[in-house]
Structures are given as C-alpha cells and as structure tokens.
Amino acid sequence: MELGLAKTRLKYMTEANCIFCKIVSGDIASDKIAETANTLALRDIAPLSKVHLLVIPKKHYKNVVELSEASPAVLGELMSQATSLAQEHTNGSFRLQFNTGSEAGQTIFHAHAHVLSDSSKDGS
Ligand code: 5GP
Ligand code: ZN
C-alpha cells in the first residue's frame, strides 16, 4: 500500500495520541462497564455528577458530527447503549450530552456521549 494512503487509514482508525483509542486497545486502563460490537461504556475518571458514564465508539471519530456522517448505524448503537445504561444506573432522570468543539467544552477529540445524572437507581 502506498505510504500516504496507509497513514491516512491509520489516522482514521486510531489517532496515535488519543486517550480513548488507547482505552479501547487496552493500552490505558479504565473502569469499563459494558460493550457492544462497536461501542464501549466506561465510568468518567472525574465524575461531574453522581452518575457520570461515557459511551464511545471503538473506532476513532473526532466528534459526533463525524460519527453521524460516517456511520449512523454505530451512532444508533451508541445511543441505544447510552439510554439502556441510563435506565440501569439512574431513576430515569438523566442528561445525554455530546460536547462538540473546544468552545463547547470538548477536551477529548474522540466522539463520546456523556450520561449524567444526580439520581441513582436506588434513589440515593
Ligand atoms: P469532553 O470534555 O471531551 O466532553 O469529555 C471528556 C471526558 O473524559 C471528561 O469528562 C474527562 O473527565 C474524561 N476523561 C479524561 N481522561 C480520561 C481517562 O483516562 N479515563 C476516563 N474514564 N475518563 C477520562
Ligand atoms: Zn480515538
């Protein structure tokens, strides 16, 4: 394969310095709670609320727009996992959030949904 094309493919599949790609590959440890064929769910390392989960595609997309354009099926899988986990971990009141762009608070440029709630399943 021509080198330029190989590099482009590598960049698309996995960004060398992407924390979430390293979590998917197992190079960085994480508190994983569930996975599907194309997505992974984990606890946020610095929770902003009582329940704070992240759901990420296993493949690298820089944000939800890129994910939606490239693979609506994987976005659907991610949303389905996020809503299932939200039902499991909260009393049904939660927020789903995709920070998109640094001005909107995105700090990790690998698409991810935040599942946030101050309620928990047991009502505590
Ligand atoms: P963003 O600000 O990009 O929308 O969200 C990135 C989230 O990833 C933040 O809430 C941050 O706490 C979380 N985070 C950053 N590094 C790690 C990590 O190594 N492991 C886990 N589980 N979460 C992380
Ligand atoms: Zn990545």
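## A tour around helix 4

Begin by selecting the elements that cover the buried residues of helix 4, which include strand 1 (32-35), strand 2 (39-43), strand 3 (51-57), helix 3 (64-70), strand 4 (95-97) and strand 5 (113-117). Keep in mind throughout that this is a predicted model.

Next, select helix 4 itself, residues 72-89, and look along its length: with 18 residues at 1.5 Å a residue it should span 26 Å, and its end C-alpha atoms lie 25 Å apart, which agrees. Now colour Val74, Leu75, Leu78, Gln81, Ala82, Ala86 and His89, which are the buried residues of helix 4. If you turn the view to look down the axis of helix 4, these buried residues fall within an arc of 135°, so they line one face of the helix. On the face turned away from that buried side, select the exposed residues Pro72, Ala73, Gly76, Gln87 and Glu88.

From here, move to Ala34, which sits in strand 1. Ala34 is partly exposed, because 14 other C-beta atoms lie within 10 Å, whereas a buried residue would have 20 or more. Apart from its neighbours within four places in sequence, Ala34 is in contact with Ala41, Gln81 and Leu85. Show the C-alpha atoms of Ala34 and Leu85 to see that these two residues, although 51 residues apart in sequence, are 8.6 Å apart in space.

Finally, select ligand 1 and the 13 residues around it, among which Ile45, Ala46, Asn99, Thr107 and Ile108 come nearest. Colouring this shell by residue type shows 7 nonpolar residues, 5 polar and 1 charged.

Definitions and conventions. Residues are numbered from 1 along each chain as its sequence is written. Chains are lettered from A and ligands numbered from 1 in the order in which they are written. This is a predicted model: local features need pLDDT of at least 70, side-chain atom pairs count only at pLDDT 80 or more; totals for chains, interfaces and linings use all residues. Helices (H or I, at least four residues) and strands (E, at least two) are DSSP runs, numbered from the N terminus. The expected span of a helix is 1.5 Å times one less than its number of residues. A residue is buried if 20 or more other C-beta atoms lie within 10 Å of its own, exposed if 12 or fewer, and partly exposed in between; C-beta atoms are placed from the backbone. The arc is that of the directions from the helix axis to the C-beta atoms. Two residues are in contact if their C-beta atoms, placed from the backbone, lie within 7 Å. A residue is near a molecule or strand if its C-beta atom, placed from the backbone, lies within 6 Å of it. Ala, Val, Leu, Ile, Met, Phe, Trp, Tyr, Cys and Pro count as nonpolar, Asp, Glu, Lys and Arg as charged, and the others, Gly among them, as polar.
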